[in-house]
Amino acid sequence: MKTSFKFSNLCGTVYTGGNLIFTPDGHSVLSAVGNRVSVFDLVNNKSYTLPMDMRKNIVAMALSPQASLLITVDQDGHALLINFPRRVVLHHFNFKAKVRAIQFSPDGKHFAVTHGKHTQVWKTPGFTREFSPFILHNTYTGHYDDIVNITWSSDCKHFMTSSKDMSIRIYSVDPQSNYTPPVLTGHRDAVVGAWFSKDKKSIYSVSRDGALFHWKYSTYTDLKGLTPEDMEVDDGEEWVDKFKWRVAKKHFFMQAPAKVKSCEFFAPSQLLVVGFSSGVFGLYEVPSFNAIHTLSISQKNIDTVTINRTGEWLAFGSSKLGQLLVWEWQSETYVLKQQGHFYDMNTLSYSSDGQTLATGGDDGKVKVWNTTSGFCYVTFSDHKSGVSAVEFTKQGQVLFSASLDGTVRAFDLVRYRNFRTFTSPNPVQFSSLAVDPSGDIVCAGTLDTFEIYVWSVQTGKLLDILAGHEGPVSALAFSPSDMLLASASWDRTARTWDVFGRTKIVEPLPHQTEVLAVAFRPDGKHLATATLDGQISFWHAEDAKLLSTLDGRKDISGGRKQNDRTTAENAASGKAFHSLCYTADGSSIIGGGSSKYICIYDIDTSVLVKKFQISENLCLDGTQEILNSKKMTEYGSIEEMESEEESDLEDRLDNTLPGTQSGDLSVRRTRPEAKSKAVRFSPTGSAWAAATTDGLLIYSLDDAIMFDPFDLEIDITPESVMETLEEKEYLKALCMAFRLNEKAILHTVFEGIPPDSVDLVARGMPEKYLQKLLQFVGVHMETSPHIEFHLIWVTSIMTAHGRYLKQHRGEFQSVFRTLHKGVNRVRDDISSLCDTNTYTLKYLLSQQQLTTKADVMVE
């Protein structure tokens, strides 16, 4: 079995804090997800997460104008310099202060970063690994409180800072003689943002209390439309009027008691977007202050807002709800609307084809994710309490979920509706779920009555109640080969039930401690159980005989929590597997629990094959092996005390009861713990997923950046492409034509390849260009008369790259539909042509017969 699994994607969480960034082309948006960065491609409907992670949660990001360099900064001021196209870390750096904003200059030569009350301007590093790539250009002082926003002028000679001290300052990047940085004062609360207009003759600033100031650089008399003679001065004195930045107009948003949390200005269209603490955002046109839109999109703060390069799309982020929205304001439609689970993610399940994932959380929602795109495409909110288990049927058209609200629900994934609800005669809480291979029977185990309920999916009737356990039923699993049901319980036993047999045989499997998880091998002959002491036991399913045991306590244990009095080695918590799953071939097993580790074991040798650490985020509890004694006081850990960020009264209010660790976790006083509540292998064996504190982590084998040899070429021109075609280097010419991406050249090269060379070209075609080639063939087939030529291409590509296309069928679905449409059109055209020819021939033959009969009659 291959074990070279690498981090592939992070689903289930779309935004946790910091700022959002649009790429320069406006097609993608970058979002901070904990200590990682996710990229959402809005045009191709895909998402991926960068493979690097930081020490703590990301609070600020900046992308260079050429989209080549990405700088991410965490809560402590530690930064990463990332080569964004290649997804490689170039350098680590520490700004040694909390960073609230970071911004590249429009020409990309410098970037400015806040450093408490100061601002630092650094020269932009290069693309090569250097010993010290960060070079400080200058440090700018003057503010009396923390700076919250930085804006560059279009000519890159000046930048403007807004601060909590209710002032705005304009600095010159390079020292200028007789230049004193102007100070703009007048706001009555912290200034959230300030920007230059397109002509640099005006400045717009927004304060936290909902005031918008319009500043102009002029004299007092020009601003008021007066003359010096109109001014009243004492006798003998002359009116002195200087040019400086003055308030031309004051506007107010009138959204009290809501405060301004975020804002952004788009200079070319003079558009201002403001997000409020009430979840309302406003779109205004300045300087006229016309309200274009005022909409409510959330129930919590809108923490960040940004605008793409064309000014058409607005992106909003709300960290408390984990929402990410991209809205097109002209058509008033959502481009992207994603939200993760509000509380912990409890369970997950793969569909039979491995293309779909379902998750259930404490918020009572069931979400269905596409593993290829990383997006959630349907959410079911029918449950009234936390979802404890989800399962797909073998056909993948129906999804079952069990909840603590006492119901088991069946969801139709074709029509997206809850078509069946299963309940018990008495109110119970369901903790586990199993569906038989045929999809006709569903079973659920309870927490309080210790029974297993069996329902018929077709009729919705309760068929049987299996009693015998003396503790809560923690897990259920159906055998893939026969109708054997396995259950695990806290009464220190696991049991196998012959659900449909006449004898109703029950085989108890005794253990030393509580049983937490159970899983069948894909062939159904063996089953595995996990117990509270960290052991995994392997049993023969039919004979109920113990085959072997595996001790995983030392493998899964690790991580010391803030309040632990013992070291990580001696800590009692987190030394057990809460979820088990066999690999597709049944040779290995994967397990995860209340620990930062997930382990894969080889069953025959009982050897730990590989151990994965799900998170290195220091904001989570249990990721450190050794605690820093400097952060411990007699009142507890400094990190658990109230942070400086919560300086506002509404942020410091906490309505939860003392000691509660659940409820409104957005104002939690307990640190979230690094753990995995469920792990599952994909049926294809190429990936596995884990429901963790960070979200839904997906690890896969084939998530490598495809190398394009033509990335190294700089002389790809129409002339060089045609020369390559004339030299009969057909594969190279076709790849160069795709790289050039000009339809006329591509059409010429494609039809210039001889039919007998198609098979050879198709076999050598790089995988990176397969999607473009298939898309071109599908579109070209509809207008070209060369039917057999296109069919040869389709057959050759499918034969040469069939395995790759099958493994990535999710990515090629749109291309396959285009091909299917093209082939069907050709078939229909040929069919109709043949039918027409047949009728024509019949008509001609009948006319000949009539003529012959007429001649005979005449004779």
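Helices, like strands, are DSSP runs numbered from the N terminus, and a helix has at least four residues. In this predicted model, glutamate 723 has its place in helix 4, which covers residues 718–726. The protein as a whole holds ten helices and 58 strands, and its C-alpha trace spans about 120 × 105 × 55 Å along the principal axes. Of its 859 residues, 51% are buried.

**Surface patches**

- A patch of negative charge lies on the surface, where Glu719, Glu723, Glu726, Glu727 and Glu729 gather.
- Two helices contribute to the nonpolar patch, with helix 9 (787–807) and helix 10 (813–858) each supplying at least two of its residues.
- Isoleucine 787 has its place in helix 9, and because its relative accessibility is 32%, this residue counts as partly exposed.

**Salt bridges**

- Side chains of opposite charge can pair when their charged atoms come close.
- Searching the whole structure gives 13 salt bridges, and three of these pairs are described in the points that follow.
- Arginine 825 and aspartate 829 join their side chains in a salt bridge with an N to O distance of 2.4 Å; the two residues are four apart in helix 10, so about one helical turn separates them.
- Both partners of that pair have some accessible area: arginine 825 counts as partly exposed at 27% relative accessibility, and aspartate 829 likewise counts as partly exposed at 36%.
- Aspartate 412 and arginine 415 meet through their side chains in a salt bridge of 3.1 Å, N to O, although aspartate 412 is buried, with a relative accessible area of 9%, whereas arginine 415 is exposed, with a relative accessible area of 58%.
- Arginine 521 and aspartate 523 form a salt bridge through their side chains at 2.6 Å, N to O, and aspartate 523 is partly exposed, with 33% relative accessible area.

- Zero disulfides are found when the whole structure is searched.
- For cysteine 376, the closest cysteine sulfur belongs to cysteine 11 and lies 9.7 Å from its own sulfur, which is too far for a bond because a disulfide needs the two sulfur atoms within 2.5 Å.
- Cysteine 376 counts as buried at 12% relative accessibility, and cysteine 156 is buried as well, with a relative accessible area of 12%.

**A buried tyrosine**

- Tyrosine 582 belongs to strand 50, which runs over residues 577–582.
- With a relative accessibility of 6%, tyrosine 582 counts as buried, because buried means under 20%.
- Tyrosine 582 and threonine 124 are 458 residues apart along the chain, and their C-alpha atoms are separated by 49 Å.

Methods:
Residues are numbered from 1 along each chain as its sequence is written. This is a predicted model: local features need pLDDT of at least 70, side-chain atom pairs count only at pLDDT 80 or more; totals for chains, interfaces and linings use all residues. Side-chain values use heavy atoms; hydrogens and water are left out. Patches are made of residues with over 30% relative accessible area and no salt bridge: like charges are joined within 9 Å, nonpolar side chains (Val, Leu, Ile, Met, Phe, Trp, Tyr) within 5 Å. Accessible areas come from the Shrake-Rupley method with a 1.4 Å probe; for residues, only the protein chains shown count as cover. A salt bridge is a side-chain nitrogen of Lys or Arg within 4 Å of a carboxyl oxygen of Asp or Glu. Lys and Arg count as positive and Asp and Glu as negative; His and the chain ends are not counted. The place of a charge is taken as NZ of Lys, CZ of Arg, CG of Asp or CD of Glu. Buried means under 20% relative accessible area, exposed over 50%, partly exposed in between (1.4 Å probe, protein chains only).
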